[in-house]
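Subject: Structure for you to look at

Hello,

Here is the structure I said I would pass on. Please open it next to this email and follow the notes below.

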Amino acid sequence: MDITTPTKKDIEIIEKQINREPHEIISIPKRCSFGFPQVIQSFPLKDGKPFPTLYWLTCPHLTKEVGKLEASGKIKEWEEEIKNNENLKELYLNAHLEEKEKRNAFLKDQEIWIIKRFENIGIGGVKNFESIKCLHLQLASYLGGTKNPIGERVWHSIEKTECENCICCLL
């Protein structure tokens with residue numbers, strides 16, 4: 001994985017991809033073959049307050065494709081499977097713990113109330129580690145480097161993992 005620090009141009013592209021100014025970007029852990037950001041890693045505090053989402057999906061193509069999976073009912077389907085499959089449940093729990101550990105590594109010098117606020121939350125602020133908040137978070141987590149079985153399923157369920165016409169070039 002080629003993790004890079006964002007350039008000024010990267011930040012301009014990300015702003016266009018997500019239609020807003022991005023929160024404090026730590027790195028870009030995943031880019032498409034055209035070189036554009038697909039996933040960013042953000043600092044877990046925003047305006048001095050806890051901000052639990054560590055990885056964000058920025059690629060417009062992937063965002064659209066993941067939206068199709070959500071619309072087809074994959075969240076409910078995979079949540080049921082997590083409840084009934086001990087192996088998947090364990091792998092998914094480990095993904096939450098792994099991401100929690102990554103997030104907490106950025107918080108070592110923070111006030112104790114901030115650290116405590118993050119104690120029992122996983123990927124994207126999830127408190128129930130058997131639930132899936134959204135598939136965009138799961139894919140961003142997986143592409144960001146977390147061993148996330150649901151994010152991996154999302155990745156393998158997408159028919160085309162990149163746009164053909166370099167949509168980010170047009171932003």
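**The largest pocket**

The lining of the largest pocket is made of 13 residues, and I18, W56, L57, T58 and T63 are the ones nearest its centre. Two or more lining residues come from each of α1 (8-18), β5 and α6. Here helices (H or I, at least four residues) and strands (E, at least two) are DSSP runs, numbered from the N terminus. The volume of this pocket is about 170 Å³. Sorted by class, its lining has 7 nonpolar, 5 polar and 1 charged residues. In that sorting, Ala, Val, Leu, Ile, Met, Phe, Trp, Tyr, Cys and Pro count as nonpolar, Asp, Glu, Lys and Arg as charged, and the others, Gly among them, as polar.

Pockets and cavities are found on a 1 Å grid over the protein atoms alone: in a cavity a 1.4 Å probe fits but cannot get out, while a pocket is an open set of points with protein on both sides within 12 Å along at least five of seven lines, and lining residues have an atom within 4 Å of a point. Grid points are joined across faces, edges and corners, and a volume is the space filled by probe spheres set on the points.

Before you go further: this is a predicted model, in which local features need pLDDT of at least 70 and side-chain atom pairs count only at pLDDT 80 or more, while totals for chains, interfaces and linings use all residues. Residues are numbered from 1 along each chain as its sequence is written, and side-chain values use heavy atoms, with hydrogens and water left out.

**Cavities**

There are 2 cavities of 30 Å³ or more.

**Aromatic rings**

How many aromatic pairs does the structure hold? It holds 2. Rings of Phe, Tyr and Trp (its six-membered ring) pair if their centres lie within 6.5 Å; planes under 30 degrees apart count as stacked, over 60 as edge-to-face and the rest as tilted.

F43 and F106 make an edge-to-face pair, with 6.3 Å between the centres and 70 degrees between the planes. This pair links distant parts of the chain, 63 residues apart: F43 is in the loop between β2 (37-42) and β3 (45-46), and F106 is in the loop between α4 (86-105) and α5 (112-117). F43 counts as buried because its relative accessibility is 17%, whereas F106, at 29%, counts as partly exposed. Buried means under 20% relative accessible area, exposed over 50%, and partly exposed in between (1.4 Å probe, protein chains only).

F51 and W56 make a stacked pair, 5.9 Å centre to centre with 20 degrees between the planes. F51 is buried at 17% relative accessibility, and W56 is partly exposed at 25%. The charged end of R20 sits over the ring of W56, 5.4 Å from the ring centre. The rule for this is that NZ of Lys or CZ of Arg is within 6 Å of the ring centre and within 35 degrees of the ring normal.

The largest nonpolar core has 22 residues, and L62, I132, L135, L139, I150 and V154 have the most contacts inside it. Such a core is a set of buried Ala, Val, Leu, Ile, Met, Phe, Trp, Tyr and Cys residues joined through side-chain atoms within 4.5 Å. Two or more of its residues come from each of β5, α2 (60-71), α3 (74-84), α4, α6 (135-143) and α7 (149-157). The element that gives the most is α6, with 4 residues.

Helix α6 is mostly covered, with 8 of its 9 residues buried. After α6 comes G145, which has a positive phi, near 115 degrees.

Most residues other than glycine have a negative phi. N19 is not a glycine, yet its phi is positive, about 60 degrees. N19 is in the loop between α1 and β1 (25-31) and counts as exposed at 70% relative accessibility. D47, also not a glycine, has a positive phi of about 55 degrees. D47 lies in the loop between β3 and β4 (49-50) and counts as exposed at 73%.

Regards
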